[in-house]
Amino acid sequence: MTRFLLPLLLLIQSPLLYADLFDVFKDEQGRTKWQWVANFSSGVLIILLTIVVIILFVTWMRARRYNRALEEIRSSLEQRVRERTAKLEQEVAEHVVTTRMLKASKAYIQNILRSMPLVLVGLDRQGTITHWNQRAEEISGISADDAIGRNLWSIYSDITVSPRHIEQALDKGEAITLRHSQPGSYHFDITVYPLQDYDEPGVVILVDDVTKRVIAENMLIHHDKLSSMGELATAMANDINTPLQAILFDLRSFQGILASGKLLPEGSQQNPESEKVQQILDNASKSGKQVESIIRNLLQFARGRADRPQQANVIDILEHSLEQSREVLSLPDTFPFSAIRIERHFEADLPLIPCYVTELQQVFLSLFRHAYKSLTEKQAAGYTPTIALYVARSYDALSIRIQHNGVALTDDEQMFLFEPFTQDSDAGQAAAGANKRLSFAHFVITEQHRGHMAVTSDPDAGTTFHIQLDLV
């Protein structure tokens, strides 16, 4: 609008314009008609003002329209800002909820891993530890902070799992299971399984302490075996006892007839042959009495099995086992068990212990049998076969030692002494001999009575069997 008004104003103020116009407003005498000039100027100004007003109105209308558009744009922007703000607030709230849920899930999973009774170890392909739970800390004595990020075998070389097992699990993509056990101490099931759908290849090692389960299974097997052994012992004892009693009856009858001299000619005296026959019959009668003692022991073992431990005096059980050994144990061409010197070193006022009396008697009888055989194998000048018995209280347990001065055990015999003898045993195990094994005694002490049993042997000090039984 300015570009139109400025030339117009200049034109109005120009002398040339007025020069021409004033000629129009002059009369015949050349005088200027100022009234006409004023009227014309007023009309022109009114027209100009009208044009200006129209231009201003049009400009105002445009400004109003632009303002309305701007208001609409501002309202639209404010609405979009409000919507975006609400959406952002909703997203932030959802993120907050998601973060809380993730934290809760992470804490829950960590709590599960920390509280689980299994040892859980996470490894990558190189054997670097990525996870180490609380049970692993308890078993190994190594904290998670010291373990994570380090090589497993550099900090805990005692673990049974080897790098070969890790490679095998990763290559096959399947879990592998291992068994690590120390009879009488612990039993572990070890599972190595690869991680699935994970960017970094790795494995998880689970170590499950199945000692209680194995002990329970062994106890069930042991009970079944004992029941079968009891039935077998009863049947064998009854089957053997009938002909044995007949044989002993015939022996006693023949001894009576021989002693009466009715088989000798009248008036003759006994000759050396008759005395030899009498001696043979006496030996046969003694052997028959030993068989009777063995049968009684079998019947007592078959009948004496209890379902629960009973409070008993260990010294009484030892003395009864010694008495059985005197009746049962005897080898030809050597001294009987009754000829062995017994040394007793018993602590006074010993408490009773919960035990299975019959099984414990069989344990002591097995140990006396093993000691008797070792004593008979030793040949030395001035040698006196001796068994020393030691019973004492050791804190909350009862310590029992059976020591003899017979032939010492070799390293192989000590290694396989408490292992069962099988027909497919290798040469090293077979060297110990089936008759020198004490696997049943070890099982009764360690598994059934939850005690401990060990052996030490030295050519100079002899052999000592160590037994420890809890008082509760």
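Trainee: What makes the largest nonpolar core, and which residues have the most contacts inside it?

Mentor: This is a predicted model, in which local features need pLDDT of at least 70, side-chain atom pairs count only at pLDDT 80 or more, and totals for chains, interfaces and linings use all residues. Residues are numbered from 1 along each chain as its sequence is written, and side-chain values use heavy atoms, with hydrogens and water left out. A nonpolar core is a set of buried Ala, Val, Leu, Ile, Met, Phe, Trp, Tyr and Cys residues joined through side-chain atoms within 4.5 Å, where buried means under 20% relative accessible area (1.4 Å probe, protein chains only). The largest such core has 42 residues, and F337, F364, L367, F368, I387, I402 and I467 have the most contacts inside it.

Trainee: Which helix gives the most to this core?

Mentor: Helix 11 does, with eight residues; helices here are DSSP runs of H or I, at least four residues, numbered from the N terminus.

Trainee: With which residues is F364 in contact, leaving aside its neighbours within four places in sequence?

Mentor: Contact means heavy atoms within 4.5 Å; F364 has V314, I317, L318, S321, I400, I402 and I467 as such partners.

Trainee: Why is helix 10 called oblique to helix 11?

Mentor: Their axes, lines fitted to C-alpha atoms over the stretch in contact, with angles from 0 to 180 degrees between N-to-C directions, cross at roughly 55° and come within 9 Å. Angles under 35 degrees count as roughly parallel, over 145 as roughly antiparallel, 65 to 115 as roughly perpendicular and the rest as oblique. Helix 10 is therefore oblique to helix 11.

Terms used
Buried < 20%, exposed > 50% of the residue type's maximum accessible area, 1.4 Å probe, protein only. Helix = DSSP H or I, 4+ residues; strand = E, 2+ residues; numbered from the N terminus.
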